[in-house]
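These are my notes from going through one model, entry by entry.

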Amino acid sequence: MIDYLTRRRFIICATATLFLTVSIVFIARLQSMFIMTKMSSMHSSTPANMSTTDDQQRYPCYLTETVDVVDSCTKCSAFNMRSKAMGCSPTGFRESVFCPQSNIKVYRACPVPIYIQKERFWYFEDLFLLLSLNCDKDCPGTVSFNIILYQSQVVCDFCTMYISFIAFLSFSIALCIAVPIKSSNGCGYAACNLGDPKKLNVHIVAHTHDDVGWLKTVDQYYYGARNNIQHAGVQYVLDSLVHALEDNPDRRFIYVEMAFFWRWWNQQTDEIHDKVKKFVSEGRLEFISGGWCMNDEASTHYNSIIDQHALGAEFLRDQFGECGRPKIGWQIDPFGHSREQASLFAQMGFDGLFFGRSDYEDYNQRNKTKTMEMLWKASANLDRQAWLLTGVLPNQYSPPSSFCFDLFCDDEPIMDDPRLHDYNVPQRVKAFIDTAHNEAYGFATNHIIMTMGSDFQYENANEWFKNMDKLIKYVNAQQANGSDVNVFYSTPSCYLYALNKADRLWTSKTDDFFPYSHHPHGFWTGYFTSRAALKGYERRTNNVLQATRQLNAFANTNLRNKTFPLSEAMGIVQHHDGVSGTEKQHVAEDYAQRLAEGVDAAVDVINAAYIKLLSKNATIPPKAPQFLCQLTNISECLPIEGQDQFTLTLWNPTVHTITRHVRVPVTKKYSVRDATGHAVLADFIPISEPTKKIPGRKSFATNQLVFKVLLPALGFNTYYFEVKTGEIDEQTDVSISENDQCVLENEYLRVEFDNNGNLLKITNLKKNIAVPFTSQGVYWYSSEFNSRMRCITNIDKLGAPGNNSQSEFQASGAYIFRPISSDPQQVSCNRSITCIKGETIQTAVIVFNEWASQEITLYDDSKAVEVQWTVGPIPIADDIGKEIILRYDTDIQSGAKFYTDANGREVLERIRDYRPTWNYTKVEAVSGNYYPVNSRIWIKESNRQLTVLTDRSEGGSSVRDGSLELMVHRRTLFDDALGVGEPLNETAFGQGLVVRGKHFLIVDKPQSSALYHRFQSQNLYMRPLATYALPHLSYADYSATYRQTWSALTKDLPLNIHLLTFDQLDAKQYLIRVEHYFEVNEDDTYSNAVTFDLQQLFQTQGTITDIVELTLAGNLALADMERLEWITKEGESSKMRKPKKISIKDVNIVLNPMQIRTFRVTLA
């Protein structure tokens, strides 16, 4: 594009053009005369020193026979050029080939290597510069240059050509001055090799898949420790790659996991940094996905998925600029694929997604119909913003059979010396060409992708690349013999770009890829629940991270760097063998420790923020630090036990004023004052017996205070506790009954139990809707066969069920859920019930046995029923593993349909024993119908809906009409033979692990349920952050010194808006994500577009002076996002309308249903 062209520049440009034209005409005249003279002399001479016979030169055998390359392409010597040896003309490079039929070795010309061509350009410039210094107008003397020019040309010819060069240089300079041009930096799609349109193009993708924890911890994997478990050392992989890429500029490599690359990068010298930056800028090293890890897609919450990708994207942007920005999702190992994951990738500006695992029936169907690649319409709400070209890889992510060249692979290398007995080039080339044709069968274009690499490979990158170099060379050489295979180094983005240029119409998909099965009995649905305690801890830790970021930003403490340990720990645990629960036990403990250490670091930021926010006098900071009590879920907070005074500060991380009920375990009776100094009505109720018996609980507290709080939006309230004196024997308003009928009731709901503890009915009093329960409680599936056969020898030969020897003998394990029967057993035929009623809380404590119980609670103004379940230690004395579910059986006529969420966002319809995109073969009646439940599941009929919210990711289903079940805990005694190598048998304190969690039940009409489950679920994962302090001050002194309430907002934001991210980047810059968290047509009011003033969020911070809207990952201005366009078979284009640029004069933000918008905001 021409920016401007002055008269002066025009004159310069025109003069240079005229000079160049005259020079070329003059030189052409001289050259013509020279050639005529030369040709005359050549015709009169006889060729000398011929290296082959005349017949061989006239009819070379390589034109008629299949040949083997003996020596690779090399430069002809000066003598060969002078003697016009065979094959040296016209390129000056030749290779030797062996003709088996003629039984002779001959030479043939080969193309000049690309890197030689690049070098010649600079030699050309240097040479002419030197020659110009020796040229005068008489051109005395002669020089002979055998390779570049004809023999015995005079220096005058060089002088003439140098004039031409100067003319061209003048023209180029003038043109550059006159017409500014944006130069290519060599990365991105512009650097891609699109192959040959007439051939089958094989895109070789060299990669390593580096698990951020699995069989070893992330540290052990990086350093190569504990190689007795698995030989893997990521630092050596990256070291080796630098040398391999340096050796040959044609080589390419991709890297994914920033958790490892960031560590390695920080340990390198400036010299290595420069080399790697050069690789990236030339497109030879490409970052794909770019997250801190390759996250799981079933057990992860969308907030954490975004955060871990943004963490990696920020690092890449800071170090490598635009060339480091990922454009492709690479989810090659997760065990099933979420529609929401694809939607988030599209919103990050990605152009495509590739993954390795799909259900075996789905894969076979796609391979037959050439639909391995499709346009995934990944949102029912966001239209083209969430469309993403998605491909299923042909070999999961491994190399094709027999072509693994890693240090620990057994496949044959390319042995290309024909003098050796093991010479195997013809066989290996044929095998590769056959493999390429076989793979192409399932793909729709003349481009296919081959992944060359696997877990922790390329520790010796030279071994991989040396063999791939040869493979590429010899396979492509067969094109001279009619082969249609064209193979070259590529990347997933270049492969995607080739698909984009193939002028193809694509099939589309609107559902997801759950559940995943690799054979008829191998459904990977157990990991939806595996390590339920870690899943719960990860979710609570995310809550701490988001609240800490907000506190840091609103207090303007500018301590973002101190939140990095928690951000990194959260990024690591999102790994598909992390929060998924499919790692070894010691690795799970490492994940938990990292989260705990991250939380400890965050507490320092929390305290720094509260120093500013709590203190009325900025010069007098609080003397008592804030601390977390992370075991209040088992009614334990040791630092406050026995204290006469303490405070509880609750930070509300949502943009809405909320009411909550708080439980505080105590050893004394206390009076409680709210933020205004008024007494708070609190129930003093006993802690349940199942709670007090939890292994490892150290608290002496036997009671808890329960009271209701009203918290300001994006703000805090402090509650002051002071011990009561002389009132220890006073009567309370709490009533307790045992093994009697129990009714819990408030203004909105009525919950009924019989005297045996059976839940009978939940009634929505406002809507006059009742849902009777035919049964409800804790059940277990048995998943062990082997224990009954321990007396049998030769069990593998016998093929006993559960020993993994065949598909039908698949056992349950960390990944797989495979129950013996589709009818679970009750954990107990009997149960007891204790009914507790106070002023603000009513609870039915139902004990099934010594290891299973539930506390069903109704608060005074609640529109949902809370079910706190406690499971464990799961008994295994009978040598039977058990998988525990909570089941809710009702009379709702659900018609085989149920609904589950995707990563806490959109909800998908599920139909029992059915798949939308292929004819499903029913084999496993239970596990084949399990789906990930990240936040909610429901069943409904025309006028009734039962919704269950979860506090963590769980597996769930509706195995029969009117029923919902959620798996809450698992303990298996055998491995499922999928790599982890140990049973899922978690223990703590010398016995099986106890897990506690919560469900929330909502009974309403389908038309109005979203209002409650959306708001409740959002507030469940963004619950108030509770911190305690021991100020040792009377209330009068405390209230005089400290603020007891504060809010960043003067009024709430609209109910359908959620503040997803509020992060201070530096003193004046903030990263903001806001979202509309209702779907289209969910609610008459809140499913509409909403507008709000972004300045509202900064009323306590300052005035917005600059605002840039970014992609979801925060690494690219949205106005600069250019995504590839795809066309469906229905003629639909994926092209999106360009978003309007935000004006600083108008920061009113419009949000449509399910839309997330990201901004970088600068304040005055």
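The model is predicted.

Entry: I started with phi. Most residues other than glycine have a negative phi, and most peptide bonds are trans. D503 is not a glycine, yet I find a positive phi of about 55° for it. I place D503 in the loop between α15 and β13 (505-506). Next I looked up cis peptide bonds. One runs from F514 to P515, with omega near -15°. P515 sits in the loop between β14 and α16 (532-554). Another cis bond joins G872 and P873, and its omega is about -5°. I find P873 in the loop between β30 (865-871) and β31 (882-890).

**Entry: disulfides.** I searched the whole structure and got 5 disulfides. I followed up the one joining C192 to C494, where the S to S distance is 2.1 Å. The torsion about this S-S bond is about -80°, so I log the disulfide of C192 and C494 as left-handed. What does the pair tie together? C192 lies in the loop between α5 (155-178) and β4 (200-206), while C494 belongs to helix α15 (residues 492-500), so the link connects parts that are 302 residues apart in sequence.

**Entry: an open sheet.** I traced a sheet of 5 strands and noted the order β7-β8-β10-β9-β14. The sheet is open and its pairing is mixed. Which strands stand at the edges? They are β7 (328-331) and β14 (508-509); each has a single partner strand, so one side of each has no neighbour in the sheet. I then checked how β14 is held by its partner. Strand β9 (residues 373-377) runs parallel to β14, and 2 bridges join them. In one bridge I looked up, L375 is partnered by S508 of β14. Helix α11 (residues 339-347) packs on this sheet and touches β7, β8 (352-355), β9 and β10 (387-392). I note an angle of about 120° between the directions of α11 and β10.

**Entry: two hairpins in a row.** I moved on to β23 (residues 749-753) and β24 (residues 759-764), which pair in the antiparallel sense over 5 bridges. Opposite R750 I find T763 in β24. The hairpin of β23 and β24 has 5 residues between the strands, and G757 takes a positive phi near 85° there. β24 also pairs with strand β25 (residues 769-782), again antiparallel, over 4 bridges. N764 has I769 in β25 as its bridge partner. This hairpin of β24 and β25 has 4 residues between its strands, and N768 in the turn has a positive phi of about 55°.

**Entry: cavities.** I counted 13 cavities of 30 Å³ or more. The largest cavity holds about 110 Å³ of space. I listed 13 lining residues for the largest cavity, and those nearest its centre are G188, E286, C323, R325 and K327. Which strand gives the most to this lining? It is β6 (residues 285-287), with 3 residues. By class, I recorded 7 nonpolar, 3 polar and 3 charged residues in the lining of the largest cavity.

Notes: Residues are numbered from 1 along each chain as its sequence is written. This is a predicted model: local features need pLDDT of at least 70, side-chain atom pairs count only at pLDDT 80 or more; totals for chains, interfaces and linings use all residues. Side-chain values use heavy atoms; hydrogens and water are left out. On a 1 Å grid over the protein atoms alone, a cavity is a set of points where a 1.4 Å probe fits but cannot get out, and a pocket is an open set with protein on both sides within 12 Å along at least five of seven lines; lining residues have an atom within 4 Å of a point. Grid points are joined across faces, edges and corners, and a volume is the space filled by probe spheres set on the points. Ala, Val, Leu, Ile, Met, Phe, Trp, Tyr, Cys and Pro count as nonpolar, Asp, Glu, Lys and Arg as charged, and the others, Gly among them, as polar. Two strands pair if DSSP finds at least two bridges between them. Contact means heavy atoms within 4.5 Å. Axes are lines fitted to C-alpha atoms, for helices over the stretch in contact, and angles run from 0 to 180 degrees between N-to-C directions. A disulfide is a pair of cysteine sulfur atoms within 2.5 Å.
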